[in-house]
Amino acid sequence: MEQLLTIEKVLNNNVVIARHDAYKEVVLIGNGLGFNRKKGDVISFDHADKTFLLKDEAEKEQYVNMIPHIDEDLIAFINDQLLYIEEQMGTELNEHIHVALTDHLSFAIKRIQQNMQFSNSFLFEIESLYPKEYQVAKGVVKAFQNHMGIVFPEGEIGFIALHIHSAVTDKSLRDINRDHALISRLTELIEDGLKVDISKDNVNYHRLIQHLHRAIDRIHHGESLGDENKLQELLKAEYPVCYNLAWKLIKVMQNQLKKPVDEAEVLYLTIHLQRLTHTN
């Protein structure tokens, strides 16, 4: 049975907001979908290439205000890329990506047009932590270059990957960036505490940031690693510098995240730190 909606607002030729009895307000996207339509017209879900709900009032207002100021061809192309992202990731995306990524890409294009430089200092870490999202983001950047002639700087791959990761995990970009900033701070403490310069090409650096990322996730979810008393005494005796530094890092995580940290995290951090001292 065909499901019908009533148009509330035509944002442009390709995007309309309509009302459905069950779903309330729905955003419908499709090529020429809004052409010659007006408020009160009846439209079917079948007419749209993509539909999504904007339950958050602030996001809805942002989307409604943003769309009329962005070129319609760009909106259509970004929507194509959102379908590509969903297909490549093999899962439905949190609908906030429609607002966040559209806003980000339109602003990124303006930066390019105005020759504004914008670097991404966490690019290596993003590629390491989110390899699938990073590869999909590379596909998006390549599509912009091939089909629209827009050449994004390499750092843009990382920003798009973060938006994808946010949409897949339902984590906010603010929380993701907060955790990245924490990892950067912990890395600086490690370099200072061990008196080393950690090369990002070092495989143990890759393992370290992976471990810090997983540890932060465990802290967020209140997960425990179990009791390792015998290992603790061994590591404390064999590697006192790394063991004490690991405790310092744990305290920083605890203070930053405002959550308790399983003491067993110290043991695994100590092992990673010892690997770094060995390779350096």
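Helix axes are lines fitted to C-alpha atoms over the stretch in contact, and the angles between them run from 0 to 180 degrees between N-to-C directions.

**View 1. Packing of helix α6 on helix α7 in the predicted model.** Helix α6, residues 155-169, and helix α7, residues 173-194, have axes that come within 9 Å and cross at roughly 120°. Since angles of 65 to 115 degrees count as roughly perpendicular and those over 145 as roughly antiparallel, α6 is therefore oblique to α7. The crossing in which α6 passes α7 is right-handed. On the α6 side the contact involves L162, H163, H165 and S166, which meet L173, I176, N177 and H180 of α7. Sorted by class, this contact of α6 with α7 holds three nonpolar and five polar residues, with no charged residues.

**View 2. Packing of helix α2 on helix α3.** Helix α2, residues 72-89, packs against helix α3, residues 96-113, at an angle of about 125°, and their axes are 11 Å apart; that angle makes α2 oblique to α3. The crossing of these two helices, α2 and α3, is right-handed. From α2 the contact draws on L74, I75, I78, N79, L82 and I85, while α3 contributes I97, H98, L101, T102, L105, S106 and I109. The residues of the contact of α2 with α3 comprise nine nonpolar, four polar and no charged.

Conventions: Residues numbered from 1 in each chain as written. Predicted model: local features only at pLDDT ≥ 70, side-chain atom pairs only at ≥ 80, totals over all residues. Heavy atoms only, no water. Helix = DSSP H or I, 4+ residues; strand = E, 2+ residues; numbered from the N terminus. Parallel < 35°, antiparallel > 145°, perpendicular 65-115°, else oblique. Left-handed = near helix turned anticlockwise from the far one by under 90°. Contact = heavy atoms within 4.5 Å. Nonpolar A, V, L, I, M, F, W, Y, C, P; charged D, E, K, R; others polar.
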